[in-house]
Amino acid sequence: MTPPSARADGERRIAVYPGSFDPVTFGHLDIIRRAAKQFDTLIVAVLNNLTKSPLFSVEERTGLLREVTKDLPNVEIDSFRDLLVRYMRSRNAQVSVRGIRSVTDFEYELQMASTNRQLDEGIETIFMMTNPKYSYLSSSIVKEIAKFDGAVSDLVPPAVEAALRRKFAAKR
Ligand code: PNS
């Protein structure tokens with residue numbers, strides 16, 4: 001397969017994988033690894049949403065993402081607090097990547113992709129099917145298990161598992 005950087009027009013393909021990542025799971029990481037192969041640069045962008053109350057701060061979430069993607073040279077970690085399409089324009093990104101686990105995900109994702117298209121026709125959304133191994137997995141499920149001190153080692157990388165333990169130990 002022709003590597004993305006070998007495009008005839010020389011344009012560098014930059015994609016953004018946006019999300020809450022509270023925290024990053026093996027499901028996210030699977031999408032990151034696969035999407036990174038398809039683009040020159042993949043920017044994993046954490047939404048700094050002031051109306052939500054996440055378990056991890058934006059700094060903690062980006063820190064964990066940096067740790068678990070440190071072996072992927074074309075993956076960059078960033079955060080944003082703007083409309084996704086505006087953020088993408090500011091980063092010269094053409095494509096937004098989203099993972100889909102189920103039909104339920106699809107309805108929400110279709111609404112979001114259509115909204116983004118309405119806001120900016122030049123931005124494309126591509127969907128990647130989550131590895132079936134992780135089709136049930138979500139950050140919320142991971143937090144629920146960790147809150148009750150259950151095992152999450154099959155669901156998140158060791159650095160995230162340790163961060164969850166510290167977070168819930170501090171809350172107990
Ligand atoms: O991991 P999530 O919470 O499903 O990610 C949702 C996210 C961050 C991709 C979405 O909420 C988003 O892009 N928010 C930025 C604000 C925006 O652009 N909204 C219009 C599109 S719905």
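Student: What radius of gyration does the protein have, and what would a compact globule with 172 residues have?

Tutor: The radius of gyration is taken over C-alpha atoms, and the globule rule is 2.2 Å times the number of residues to the power 0.38. For 172 residues a compact globule would have a value near 16 Å, and the protein has 16 Å, which agrees. This is a predicted model, in which local features need pLDDT of at least 70 and side-chain atom pairs count only at pLDDT 80 or more, while totals for chains, interfaces and linings use all residues. Residues are numbered from 1 along each chain as its sequence is written, and side-chain values use heavy atoms, with hydrogens and water left out.

Student: In what order do the elements of the protein run?

Tutor: Helices (H or I, at least four residues) and strands (E, at least two) are DSSP runs, numbered from the N terminus. Here there are six helices and five strands, in the order β-α-β-α-β-α-β-α-β-α-α from the N terminus on.

Student: At what angle do the axes of helix 2 and helix 6 cross?

Tutor: Axes are lines fitted to C-alpha atoms, for helices over the stretch in contact, and angles run from 0 to 180 degrees between N-to-C directions. The axes of helix 2 (residues 58–68) and helix 6 (residues 158–171) cross at roughly 150° and come within 10 Å. Helix 2 is therefore roughly antiparallel to helix 6 (angles over 145 degrees count as such).

Student: Which residues make that contact?

Tutor: Contact means heavy atoms within 4.5 Å. Helix 2 contributes Glu 60, Leu 64, Glu 67 and Val 68, and helix 6 contributes Ala 159, Val 160, Ala 163 and Lys 167.

Terms used: Angles under 35 degrees count as roughly parallel, over 145 as roughly antiparallel, 65 to 115 as roughly perpendicular and the rest as oblique.
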